[in-house]
Amino acid sequence: MYVCICNSVSDRDIRRAAEAGVRSFVELQAHTGCSTTCGCCEALARQVLNEAVAETCMQLPAAAAA
Ligand code: FES
């Protein structure tokens with residue numbers, strides 16, 4: 001689904017960004033352009049990013065977390 005209509009950023013784009021190392025909302029904006037126009041999507045974009053980062057971190061091997 002589209003999260004940011006203004007910049008055509010989908011939840012998949014946000015998940016891919018998290019997998020590529022994006023960890024903060026500012027980084028997400030720089031990486032995808034999400035929420036850089038009207039800002040209406042910010043709350044949803046933050047929610048999707050937080051979930052994506054949590055999922056990405058849970059997939060790290062145990063050795064990487066040590
Ligand atoms: S909907 Fe994302 S900046 Fe407008």
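Buried here means under 20% relative accessible area, exposed means over 50%, and partly exposed is anything in between (1.4 Å probe, protein chains only). The model is a predicted one, so local features need pLDDT of at least 70 and side-chain atom pairs count only at pLDDT 80 or more, while totals for chains, interfaces and linings use all residues. Residues are numbered from 1 along each chain as its sequence is written, and side-chain values use heavy atoms, with hydrogens and water left out.

With that cut-off, S35 counts as buried, at 8% relative accessibility. S35 sits in the loop between α2 and α3, where helices (H or I, at least four residues) and strands (E, at least two) are DSSP runs numbered from the N terminus. Phi of S35 is near 65°, a positive value in a residue other than glycine. Most residues other than glycine have a negative phi. S8, also not a glycine, has a positive phi of about 50°. This serine belongs to the loop between β1 and β2 (9–10), and S8 is partly exposed, at 46% relative accessible area.

As for A45, contacts (heavy atoms within 4.5 Å) link A45 to V3, I14, F25, L28 and C34, leaving aside residues up to four places away in sequence.
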